[in-house]
Amino acid sequence: MRHFKGVARVAAVLFPVLLPCAAQAQDNFHNRMERAISDFLATPAEDRKQIVLDNGSVMIPPELRADVRFGFQKRMTLSGHGVLFDIEGQRVTLSERDMTEIAEEMLGVVRAEDPEKPVLEREAEAQLKQILDRGLEMRRRGELKGPEAVLLDLELVRAMAHRLPDELRSGYLWRVDFIRDEMVRQKLVEPKLLTDFVIIVEINDWIIRWFLRTDYMRECTAAGVPVPPDFALTGTAWREQGGLSTNLLSPGAVANVWTWNVTGKRGACVALPRGTGGPGSLAGIICQSAETGNACFWDNIRRSDNQRVPWATETLVIRDLKDGSELSETCPACHKGNNVFLVSPDDPTWCKLLRGGQGGSGCSAVNGPGSAGFTLAVEAEVNTVNVPNTSIRHSRYAPYSGTPARPGWVNTEGVGCGGVCHLGSGGSFNLPPMPPSCGVDCY
């Protein structure tokens, strides 16, 4: 047995293949081990799999023994398909106490990690610091107890690991994911908590925004535009503001307004899911920076198969959706003016978004986080143009269609709406048709 064990140690690599259990005679066990080792050695190195012994232990590969400075690395050394092994190759089942201790240790270690070269953009680092400061303060005050406190520690580890190069980051992330899954398997937490826990939502949104982005998403960020988190009716940072009583495109049809924005950053993301949310239903998302005037577009058309994603039952994964760099429609053909959002200012829901909370407006405040910087306006003196036949100058938004800019994706100057709300498109269709007349004081 020692002979086979030594050969297996020399040859073993990472991923396990289980041999049949040893319910047979000892000589049969040796025969099977010998055949397994022979087959292993005859397999090209890149296709070799980890040999797992009949007693459930595994041969831990040398590369996983190279860095075991900390207890959590020795207690959680190798996993696959929900099975965990320690540094000795013994199968491990984590207790609630184990998970608590490992999460606390990982948090202490990852906080002390100091990457030689920063891997985050300055804005990403600033956003992460805000989340971490809030989470660490929650931890210091002891706001959460038991499994919820463990979840908080794990999410802080996940967030802080993204400050590190990939080779260090991955060692934290797989352990965080394993413990989270194990907590659900042992019914220590409800799966719903993983999506309703606010700081988890914020960290997931931050990771998606900075690490799982398309070229268009990265360019929108560089253009100052807030890039939205994935959209779903539950479990995301999006907040429903209400339905529209004035539906400009389809009067009388259902259209619901949802919003999101980065806390403290002036601008807005607005999602407008329409209809039932079933197959073929429409849902557009537009984000605009008040500071740069740039705006980015997404539609609920999945890039991989060109199908509409039913927004009532599926998540709109932003990186999977068609965006302003590839949509077949030319969005600025309708979305013109000094901001990108085509609104009826006296509709109760749009009134909330345009003037919510302002004295005398009669409009309720915007729901949800990010409201401090939420605005549908573009700041003064951004991309300014003259109102035709007047001396008035005002700002206008700039549609972003990627690099290089697409033909027709420009906010052309026209006549209409008094120069205060939106510029008209010219021709026979003046945009937007806003009852009542919006000549002054739209914001």
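**Exercise 1.** Find which helices and strands each supply at least two residues of the lining of the second largest pocket, and then work out which residues lie nearest its centre.

*Solution.* Start with the elements (DSSP runs, helices H or I of at least four residues and strands E of at least two, numbered from the N terminus): α3 (62-65), α4 (71-75), β3 (78-80) and α8 (166-185) each bring at least two lining residues. Among the contributors, α8 gives the most, with seven residues. A pocket here is an open set of points on a 1 Å grid over the protein atoms alone, where a 1.4 Å probe fits, with protein on both sides within 12 Å along at least five of seven lines; lining residues have an atom within 4 Å of a point. The lining has 22 residues, and Leu64, Gln73, Gly171, Trp174 and Arg175 lie nearest the centre.

A friendly word on the source: this is a predicted model, with local features needing pLDDT of at least 70 and side-chain atom pairs pLDDT 80 or more, while totals for chains, interfaces and linings use all residues. Residues are numbered from 1 along each chain as its sequence is written, and side-chain values use heavy atoms, without hydrogens or water.

**Exercise 2.** Place Leu164 in the fold and decide: is Leu164 buried or exposed?

*Solution.* First, locate Leu164 in the loop that joins α7 (146-161) to α8. Next, check the relative accessible area: at 0%, Leu164 is buried (under 20%; exposed is over 50%, partly exposed in between, 1.4 Å probe, protein chains only). Then list the contacts (heavy atoms within 4.5 Å): beyond neighbours within four places in sequence, Leu164 touches Val110, Glu113, Pro115, Val119, Arg169 and Tyr172. Finally, look at Pro115: its C-alpha atom is 5.8 Å from that of Leu164, although 49 residues separate the two along the chain.
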